[in-house]
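User: I'm new to reading protein models and would like to go through one step by step. Can you take my questions as they come?

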Amino acid sequence: MEDIKIRNATISNIEQIMKIEHESFYETVCEDRSVFLDRILTFPDGFLVLEIDGQVSGYISSEIWNYLEEIQENFFDLNHSIGKLHAVTGSELYISSIGILKKHRGKGYGKLLFSELSRRITEKYNILSMILIVSVQWTVAKKIYEKNGFEEVKRIDRFFDDGTNSDAIVMRKFI
């Protein structure tokens, strides 16, 4: 039986996080190391890692935003600084990234990370909604989000620089 732990990410985890990032996303969609370091330092409560048998095998990162009915497309820009929008007094949790090593996918670890982050953040902060983006091509991820109560609220044309310039689907869930 695997030994599974979920804990806050630390700076010392950056190499493993970057390995997961590059294994999870098209190269031109991967975010920079400096962005992940900034997220860990700025909002450690919102950056978790999943350890399987002592190895960092997944991560989830987030920010807290002030809720806006009218969604601003530029808020989702790749490699944006967490300091640009993050506000601990906000009421919307933005899931900025999630990744699992390939050898551990399809086993429910992403759902586990997602639910653990949701639980921790909603217990500590005044969160009323959650928001995220997903590529139209990431059908498995989109189905997982829909099963968890997220609904499509907007599309951003040609958002992802992934070889086909796929659209982004903005999804939101009210808690």
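User: What percentage of the 175 residues is buried?

Analyst: Bear in mind that this is a predicted model, where local features need pLDDT of at least 70 and side-chain atom pairs count only at pLDDT 80 or more, while totals for chains, interfaces and linings use all residues. Residues are numbered from 1 along each chain as its sequence is written, and side-chain values use heavy atoms, with hydrogens and water left out. Buried means under 20% relative accessible area, exposed over 50%, and partly exposed in between (1.4 Å probe, protein chains only). By that cut-off, the buried share of the 175 residues is 47%.

User: In what order do the elements run from the N terminus?

Analyst: Helices (H or I, at least four residues) and strands (E, at least two) are DSSP runs, numbered from the N terminus. The protein has 4 helices and 7 strands. Starting at the N terminus, the order is β-α-α-β-β-β-α-β-α-β-β.

User: Why does the protein count as being as compact as a globular protein of that length?

Analyst: Here you compare two numbers. The radius of gyration is taken over C-alpha atoms, and the globule rule is 2.2 Å times the number of residues to the power 0.38. For 175 residues the rule gives 16 Å, and the protein is close to that, so it is as compact as a globular protein of that length, with a radius of gyration of 15 Å.

User: Where is Ser91, and is it buried or exposed?

Analyst: Ser91 sits in the loop between strand S3 (55-65) and strand S4 (92-100). Contact means heavy atoms within 4.5 Å, and beyond its neighbours within four places in sequence, Ser91 has contacts that include Trp65, Tyr67 and Leu128. Its relative accessibility is 16%, so Ser91 is buried.

User: Which element gives the largest share of the lining of the largest pocket?

Analyst: On a 1 Å grid over the protein atoms alone, a cavity is a set of points where a 1.4 Å probe fits but cannot get out, and a pocket is an open set with protein on both sides within 12 Å along at least five of seven lines; lining residues have an atom within 4 Å of a point. The largest pocket holds about 970 Å³ of space. Of its 39 lining residues, Phe25, Ile98, Trp138, Ala141 and Tyr145 are the closest to its centre. The largest share, 7 residues, comes from S4.

User: How much space lies in the largest cavity?

Analyst: Among the residues lining this cavity are Trp65, Phe76 and Arg172. Grid points are joined across faces, edges and corners, and a volume is the space filled by probe spheres set on the points. That puts the largest cavity at about 50 Å³.

User: Is Asp53 buried or exposed?

Analyst: Asp53 is in the loop between S2 and S3. Its phi is positive, near 50°, in a residue other than glycine. At 52% relative accessibility, Asp53 is exposed.
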